[in-house]
Amino acid sequence: MTPARDFDAYTRHAQPPPRSRERFAPSPRSGSRHGEVVHTADGRELILRDIEPGDVAAVQRCFKRLPLQDVRRRFMHAMSELPTSMAQRLCRIDPELEAAFVLIDETVKPTELRGVGRVFVDVASNSAEFSVLVEREWTRIGLGALLMQRLVDECRRRGLSEIWGYVLMENRPMLELCKELGFIAKMMPGEAGTAQIRLKL
Ligand SMILES: CC(C)(COP(=O)(O)OP(=O)(O)OC[C@H]1O[C@@H](n2cnc3c(N)ncnc32)[C@H](O)[C@@H]1OP(=O)(O)O)[C@@H](O)C(=O)NCCC(=O)NCCS
């Protein structure tokens, strides 16, 4: 088994604390359950794995817990509910053109989804559009950075030349996160309040 860099170790001992991008250290999980264990700096545990068709109910429950601001930031418009058909579509991905990683909290019953990151490949431009979401109570502990790094790695693995996404200009957390990861932001002409964020791979 690959030696796991302990997610906690960085924040327990280091002064000042490391940047979020240095905190990624999921460890391969043993036993029959699939996914990788992620230990957060504050002692919580999540499982990082690919999204599955069976995640529909968890995705819908996660959506219900989101503040309206986060719904708008993620989907770029207000939505009062996530229809089952859309949740099914989000969970049953086409692996040729999509990848989606989820952070699952198995310490509760039913297990809950705390974060999700996905990319859609645009074959014509050899690039992929990303989206990412971390449930608010789980933010500021490096999970957004972890998911984004996974997406970047996945795009590189697929030989894509760029990863990009749309971010509302008021969405400072996401703009800061992207800046930390080396993304460049460009205003969208004709779409006031929205930036396109890109990273050449
Ligand atoms: C944006 C979002 C994904 C960030 O997730 P997160 O788990 O809090 O991010 P991290 O803890 O990995 O933070 C990484 C870096 O982002 C920046 N950041 C994150 N939240 C921030 C905030 N509230 N204010 C300022 N900077 C912030 C910081 O630079 C941080 O690094 P640091 O902790 O070393 O200072 C999360 O807030 C979210 O899901 N928002 C709603 C959905 C959304 O906006 N999606 C993006 C559009 S697709």
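This report describes the salt bridges of the structure and the surroundings of its ligand.

The model is predicted, so that local features need pLDDT of at least 70 and side-chain atom pairs count only at pLDDT 80 or more, while totals for chains, interfaces and linings use all residues. Residues are numbered from 1 along each chain as its sequence is written, and side-chain values use heavy atoms, with hydrogens and water left out.

**Salt bridges**

Side chains of opposite charge can pair when their charged atoms come close. The structure contains 19 salt bridges, each defined as a side-chain nitrogen of Lys or Arg within 4 Å of a carboxyl oxygen of Asp or Glu.

| Pair | Distance |
|---|---|
| Arg89 and Glu98 | 2.8 Å |
| Glu154 and Arg157 | 2.8 Å |
| Glu162 and Arg198 | 1.9 Å |

Relative accessible area describes the setting of each partner: buried means under 20%, exposed over 50%, and partly exposed in between (1.4 Å probe, protein chains only).

Helices (H or I, at least four residues) and strands (E, at least two) are DSSP runs, numbered from the N terminus. Glu154 and Arg157 both belong to helix H5 (residues 143-157), where they are three residues apart and thus separated by about one helical turn. Glu154 is buried at 10%, but Arg157 is exposed at 61%.

Glu162 and Arg198 form a salt bridge. This pair links distant parts of the chain, 36 residues apart, with Glu162 in strand E7 (residues 162-168) and Arg198 in strand E9 (residues 194-200). Glu162 is buried at 9%, and Arg198 is partly exposed at 26%.

A network of salt bridges also joins Arg61, Arg65, Asp105, Glu112, Arg114 and Glu135.

**Surroundings of the ligand**

There are 23 residues around the ligand, and those that come nearest are Val134, Gly142, Gly144, Asn171 and Glu180; a residue is near if one of its heavy atoms lies within 4 Å. By type, the shell divides into nine nonpolar, six polar and eight charged residues. Helix H3 (68-75), strand E6 (127-134), H5 and helix H6 (172-180) each supply at least two residues of this shell, and H6 gives the most, with six.

A polar side-chain atom of Glu180 lies 2.7 Å from an oxygen atom of the ligand. A polar backbone atom of Gly142 is 2.8 Å from a ligand oxygen.

Methods
Polar contact = N/O pair within 3.5 Å; in protein donor to acceptor, adjacent residues only side chain to side chain. Nonpolar A, V, L, I, M, F, W, Y, C, P; charged D, E, K, R; others polar.
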